[in-house]
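Here are my notebook entries from a friendly browse through one model.

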Amino acid sequence: MSLTITNPATLDVVRTIETDDAAARSRKLDGARAAFLKWRRVPLERRITEVRAAMETFRRDKEAIAREISLQMGKPVAQARGEVDTLLARVEHMLEIAPTVLAPEVLPEKPGFARRIEREPLGVVLDIAAWNYPLLVPVNVIVPALVAGNAVVLKHSPKTPLTGMRFEQALSTLSVPGIFAHVVVPDSEAASLVADPRVDHVAFTGSVKTGKSVYKIAGERMIDAGLELGGKDPAYVAEDADLDFAAENVVDGACYNAGQSCCAVERVYVHHSLYDRFLERAQKNVAAYRLGDPLDDATTMGPLIDERALEAVHAQLRDALAKGARIVSGGRRWKDGRGWYWEPTLIADCPADADVMREETFGPIVPVCAVKGDAEALALMNDSRYGLTASIWTKDPARVERIARDLDVGTVFQNRCDYLDPALPWTGVKDSGMGSSLSQYGYYALTRPKSLHFRR
């Protein structure tokens, strides 16, 4: 069986590759299980050294990797280079904190006893990764999992398998063969991997519907799963916000990567006293995007991933207009290119019951409505089945602390958005998922505590 990779900017075939049949998948899982038993015995400092050296491949091959990302999923190449740089920064942070986070915790002395808590690897970690950030989504799991002593089997998205092959190439240099494997299969085969008894933990990034299916299968096997699912991330521009700064960054948070981010700004609540001026400034920022060939350094917005994504964006826009919203800028498919492009779109007066304010968009739409003040903004921000991030644009520390305390999200930003700091856990609540990646909590999610209670 073969897998065809289509360039979303040109609709040309990038490459056709063979998928792994059942026998090949089984060999890789067997190899990972056997490798785990050896790798876990490799001293931590050596694992760190080996992983650091392996990941340098991404620095060496940065330009080629960035080009592959652009060809597979349409990210402008300048942003794809930035994704490589961000990967390297996250790798370094996770490696730096590993000795401290994974060190045994020795309990206070108790006469006649020695007590400590070890962090034990889980075994074989299955990483089911998404296409929208083809380097960053998988590396959040791969590096801490390997450093903690696990084996990793990566099932990358069928839209971006070349990136999975890059991880395979880099990590083939580790001293224990088979400790990392990349499995090339269609999404329809993912359930069989989750159900396989050789898998000890699943990390999934993708849709809510599929995430719930993954969790059900994992639960039946009594293994844990980390789920990074959808988002409908709100931004609140308070009455004391720096208006120019807020408009520029909120628009960027909504439109970066063509809006194809789980933590993109997807609904904007603006204090009524700033509403018209915010729309005026936001319109200028939306109009500044340059659509075009993702391989052109001057391009600042690429295509959506496929035609289904285009249709979903268009459907949300139609629904919003039918319910009273109005288009300020954009609002249609971009016709100058062959691919799946959508114009960056600013829409105003969006009612709370519009799909564009309730369901994940994954496209470059900035939906805005006015609010009377903090209380109304907070109520609307929490009125969602998602809970990944929220941003508050204000100069008042007391205001942001007060609102943040009651927000039902995993991350609260002040005067920034759409950003992952590797020192902070990346986590969600409600339908945005469960578990954590990055920071020390990313290591905790990929290990288990073992209590040692010795009478001397």
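I count two residues as in contact when heavy atoms lie within 4.5 Å. The model I am working from is a predicted one.

**Entry 1, a loop threonine.** I looked up Thr160 and found it in the loop between strand S6 (151-155) and helix H6 (161-171). Is Thr160 buried or exposed? I got 0% relative accessibility, so Thr160 counts as buried. I then set aside its neighbours within four places in sequence and asked what Thr160 touches: it is in contact with Gln72, Met73, Ala130, Trp131 and Pro134.

Next I turned to helix H2 (residues 44-60) and helix H5 (residues 136-147), whose axes come within 8 Å and cross at roughly 145 degrees. From H2, I noted Leu44, Arg47, Ile48, Val51 and Met55 in the contact, and from H5, Val139, Val143, Leu146 and Val147. Sorted by class, the contact of H2 with H5 has eight nonpolar residues, one charged and no polar.

How many disulfides does a search of the whole structure find? My search came back with zero. Cys262 is in no disulfide, and the nearest cysteine sulfur, in Cys263, is 4.8 Å away. For a disulfide I would need the two sulfur atoms within 2.5 Å. Cys262 has 10% relative accessibility and therefore counts as buried.

Conventions: Residues are numbered from 1 along each chain as its sequence is written. This is a predicted model: local features need pLDDT of at least 70, side-chain atom pairs count only at pLDDT 80 or more; totals for chains, interfaces and linings use all residues. Side-chain values use heavy atoms; hydrogens and water are left out. Axes are lines fitted to C-alpha atoms, for helices over the stretch in contact, and angles run from 0 to 180 degrees between N-to-C directions. Helices (H or I, at least four residues) and strands (E, at least two) are DSSP runs, numbered from the N terminus. Ala, Val, Leu, Ile, Met, Phe, Trp, Tyr, Cys and Pro count as nonpolar, Asp, Glu, Lys and Arg as charged, and the others, Gly among them, as polar. Buried means under 20% relative accessible area, exposed over 50%, partly exposed in between (1.4 Å probe, protein chains only).
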